[in-house]
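This report is meant for a reader who is meeting the structure for the first time. It takes up helix packing, then pairs of charged side chains, and then backbone angles in loops.

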Amino acid sequence: MMFPIFQSSDAMLAVILCMVALAFWVQKFKVFKMVGPALIIIIAGIILVNLKIVTGSCELYGVIQTYCIPISVSLYLLNVDFKKIMKMSKQPLMSIASAIFCVSLVAVIFGVIFAGKIDEGWKVAGMFVGTYTGGSSNLTAIATGLNASASTIAAANAADYVIGMPTLVLMFAAPTLMKNSKKFQKFWPYSFTEAELEGNGDHQELMGSEEWSIKDIAILLAISTTIVSVSTMLSQYFSADFASAGRILLISTFSILVAQIPAVRKVKGAMNLGLFFGMMFLAVVGFSVDIRGFLGSAFTITLFCFCVIAGSLILHLVITRLLKIRYEYVLLGIVGAIADGTTAALVASGAKWKSLISIGLLMGIIGGVCGNYVGIAVAYIVRMIVGG
C-alpha cells in the first residue's frame, strides 16, 4: 500500500467533509460536546497526517485557506444588528467593554513577556485577544489575517481548550456560587431581584430549531463572496506587510455594514454556514502540523493563555466592582467575551435569569464585532514593542 493513502484533491475533499460531518455528529455525546468540533477536527487532522493516512501537501489546501476563513468571517457578522445593541442599557455595555479592554491590555503585557519565547509570539497575542473577545472564530480569523503558521494555530487552539474549558465550567457554576455565598453578597451587593430576573415571560426561546432553505444558502454565499471579493481587491492598496490583516478588517467592516439592511438579517443560516466553512479550514490546519514541533511549543503557549485569561478576569472584576455593575452583567460580559453570545445566553438560561438571555446574546455579538479589530491591533502593538 502506498502512503499517504489519500493524496489527490478529490480524495482530500471527501476526507475533509467526512471529518466535519463526524465532528458535528458526535456533538450529541456529552464528552465530545465538551471538547467542541473545532478541537476534534484539528486533533483528527494531526493524527491522520502524522500516521501518513493523508498528505500534508495538496493543491486543495491552498484553495481552502484562501477562501474558507474570509467567507466564514463575513457570514458570522451578517447577523449584527446595531439597533438592538444601541437599545441596551448602560451597565451591560460597560461590562462587555470592560471585558474587551481587560483582555486587550493583559494580552499586550504578557505578549511582550512571552513573544520572545514563542514562535510568532506577537501573533499569538492577537489571536488570544480574538478568542477572548469573540470566541474561536475570531482566533482563526486573526490568525489568517496575520498569516500565522498551522502549528501556531493548532497550539493556540489547544491552549484555549486546556485553559478555556475549565474556566467556562466555572462560569456555569458561578451563578449558584454567587447566589449562595453570603460573603460574596456582602462584597458585591449589586444584583437583580428574583422578579426582575424572571421577566415578563416574553423572552426568546434559546437554541430553538432553525429552518433554512437552499435559497437562503444561495443568498448568503452571494453576499459573503461579493464582500470577500471587494475587500480582497481593496486590500491590494495596503502595504504588503499589512495586506492580509487589512483584508480581514475590510471584510469585517463591510459585513457589519451590509448586516444593517433588515432584509439581509432575515436570511437564515448565516452562523451555521459560517461555522461549516471555518471547520473546513481547521481540518487543513491539522493536516499541516508536525506533531513534534506542536508538542514542543504547546506548554509555553498554554502558560501564556493562562496568564491572559486569569489576568483579564481579575482586572475585569476589579473594574466592574468599582463601577458598581450588577454581578449578573459582570458574569455575562466575561462569558460573552471568552466564549460567545450563545454561551452567555446558556449561562443566563441555566441560572434561570430569563430576562437576561437576549442581553447575553447581544453582549457576545458585541465581543465578536470588536474581536477582529482589537486582536489585530494588539498583535501589531506587541510587534512594535518587541520587534519581529
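At roughly what angle do the axes of helix α6 and helix α7 cross, and within what distance do they come? In this model, which is predicted, the axes of α6 (residues 90–114) and α7 (residues 121–134) cross at roughly 160 degrees and come within 9 Å. Because an angle over 145 degrees counts as roughly antiparallel, α6 is described as roughly antiparallel to α7. The crossing in which α6 passes α7 is right-handed. On the α6 side the contact is made by Ile100, Val103, Ser104, Ala107 and Gly111, while α7 brings Ala125, Phe128, Val129, Tyr132 and Thr133. Sorted by class, the residues in this contact of α6 with α7 are seven nonpolar and three polar, with no charged residues.

A second pair of helices can be described in the same terms. Helix α1 (residues 9–25) packs with α4 at an angle of about 50 degrees, and their axes are 8 Å apart. The two helices, α1 and α4, are therefore oblique to each other. Here Ser9, Met12, Leu13 and Ile16 of α1 meet Glu59, Leu60, Tyr61 and Ile64 of α4. By class, the contact of α1 with α4 has six nonpolar residues, one polar residue and one charged residue.

The next topic is charge pairing. Side chains of opposite charge can pair when their charged atoms come close.

| Asp81 | Arg265 | 3.4 Å |

In the salt bridge between Asp81 and Arg265, the closest N and O atoms are 3.4 Å apart. Asp81 lies in the loop between α4 (59–77) and α5 (82–86), and Arg265 lies in helix α14 (residues 262–265), so this pair ties together parts that are 184 residues apart in sequence. Asp81 counts as buried, at 11% relative accessibility, whereas Arg265, at 21% relative accessibility, counts as partly exposed.

Since Glu194 lies in helix α11 (residues 194–198) and Lys179 in helix α9 (residues 150–180), the pair ties together parts that are 15 residues apart in sequence. Glu194 counts as exposed, with a relative accessibility of 53%.

Where is Glu120 found? Glu120 is in the loop between α6 and α7, the helices whose axes cross at roughly 160 degrees. The phi angle of Glu120 is near 60 degrees, which is a positive value in a residue other than glycine. Lys52, likewise a residue other than glycine, has a positive phi near 65 degrees, and Lys52 has its place in the loop between α3 (37–50) and α4.

Definitions and conventions:
Residues numbered from 1 in each chain as written. Predicted model: local features only at pLDDT ≥ 70, side-chain atom pairs only at ≥ 80, totals over all residues. Heavy atoms only, no water. Axes fitted to C-alpha atoms, helices over the stretch in contact; angles between N-to-C directions. Helix = DSSP H or I, 4+ residues; strand = E, 2+ residues; numbered from the N terminus. Parallel < 35°, antiparallel > 145°, perpendicular 65-115°, else oblique. Left-handed = near helix turned anticlockwise from the far one by under 90°. Contact = heavy atoms within 4.5 Å. Nonpolar A, V, L, I, M, F, W, Y, C, P; charged D, E, K, R; others polar. Salt bridge = Lys/Arg side-chain N within 4 Å of Asp/Glu carboxyl O. Buried < 20%, exposed > 50% of the residue type's maximum accessible area, 1.4 Å probe, protein only.
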